[in-house]
Amino acid sequence: MSAIASPGWTYPPLTEHGLRASGITISIGGKALVSEASLRLEPGTVTGLVGPNGAGKSTLLRAIAGVRRPEVGTLQFDGIDLASTPVRERARLVAFMEQEASPTFDMTAIEAVMMGRLPHRSVLAGPSASDEDIARKALARAGDAALAERSIATLSGGERQRVHLARALAQDPRLLVLDEPTNHLDIGAQLATMALLRRLAAEGLTVLAALHDLQTAATHCDQVVMMAGSTIVAAGSVTDVLTSDLIGRVYGVHCDIMTNPKTGRPLLAFS
Ligand SMILES: Nc1ncnc2c1ncn2[C@@H]1O[C@H](COP(=O)(O)OP(=O)(O)OP(=O)(O)O)[C@@H](O)[C@H]1O
């Protein structure tokens, strides 16, 4: 991973690896959107952030990604305090794919992905051949190589979602934060995306993804963090968190949990 600090700023020594969020609290107009959320994510793992609509998942992800500053709490990645890390350096550590990232102005898919290279090049210099090479590889990994020269305004929701994933990959981060990365994707593309996240984790990335589909979390994640009513109500292994009892209490649905005989992973049946 490239992580060369710009002149005048060097990364502090690594003390502890992975993400450490502690006591994150965010409120608007006196209403807590996230209350005292704490979590640990180890490098090389995929964590699913689950919970009902309005639980506070996107708000917590935005805080971790640096889009929204928490009023209270600390965020450290690899021992680095993210709040005091300059924006450009932070963007080399953490990449964020938002839930509904509609294009604000027209550009081609490859131009959109190249924006992920901005934290890695000098402010005045244009993109290098190496930047373009990295962007094209990222687009290919996300499954959109054939769409490189297409205007993103003309792409389908799923195609555009993969472009945004490629932009985050081109950023070459150490922590990848994704808000519903598969919500526009067909089942084949969903499986391909989750398999890609697993490969990225195997390469050492820390991956945190908000997921609505509990089966996707059960099948592909190492760890699950469940939010409800602005707080984290459970965090741990898939089998510790995705229990019939907790799903029933949090979502108000009945869920039978079996074991997939092929994968050994939990198989969820809702009623
Ligand atoms: N700018 C805002 N002003 C007021 N309330 C807000 C604001 N942004 C978010 N909220 C509220 O905060 C709560 C948490 O929102 P958030 O988007 O984090 O939930 P979520 O778990 O990601 O939901 P979903 O699964 O529906 O995407 C919701 O009740 C939402 O209406």
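Visitor: By class, what makes up the shell around the ligand?

Guide: The shell has three nonpolar, six polar and one charged residues. Nonpolar covers Ala, Val, Leu, Ile, Met, Phe, Trp, Tyr, Cys and Pro; charged covers Asp, Glu, Lys and Arg; the others, Gly among them, are polar. This is a predicted model: local features need pLDDT of at least 70, side-chain atom pairs count only at pLDDT 80 or more, and totals for chains, interfaces and linings use all residues. Residues are numbered from 1 along each chain as its sequence is written.

Visitor: Which residues surround the ligand?

Guide: Ile28, Leu33, Gly51, Asn53, Gly54, Ala55, Gly56, Lys57, Ser58 and Thr59. Helices are DSSP runs of H or I, at least four residues; strands are runs of E, at least two; both are numbered from the N terminus.

Visitor: How many residues of H1 are buried?

Guide: Nine of its nine, so H1 is mostly covered: buried takes 20 or more other C-beta atoms within 10 Å of a residue's own, exposed 12 or fewer, partly exposed in between, with C-beta atoms placed from the backbone. Lys57 and Arg62 are among the buried residues of H1. Across the 271 residues of the protein chain, 39% count as buried. Glycine 66 follows H1, with a positive phi near 90 degrees.

Visitor: What does H1 pack on?

Guide: First, the sheet. Its four strands run in the order S2-S1-S4-S5, open and antiparallel. Pairing takes at least two DSSP bridges. S1 (residues 19-28) and S2 have seven, in the antiparallel sense. Serine 27 stands opposite alanine 32 in S2. H1 packs on this sheet, touching S1, S2 and strand S4 (72-77). Contact means C-beta atoms, placed from the backbone, within 7 Å. The direction of H1 makes about 120 degrees with that of S1. Axes are lines fitted to C-alpha atoms, for helices over the stretch in contact; angles run from 0 to 180 degrees between N-to-C directions.

Visitor: What makes the protein chain as compact as a globular protein of its length?

Guide: The chain has nine helices and twelve strands. Its radius of gyration is 19 Å, close to the 18 Å that the globule rule gives for 271 residues, so the label holds. The radius is taken over C-alpha atoms; the rule is 2.2 Å times the number of residues to the power 0.38. Those C-alpha atoms fill a box of roughly 55 × 40 × 35 Å along the principal axes.

Methods
A residue is near a molecule or strand if its C-beta atom, placed from the backbone, lies within 6 Å of it. Two residues are in contact if their C-beta atoms, placed from the backbone, lie within 7 Å.
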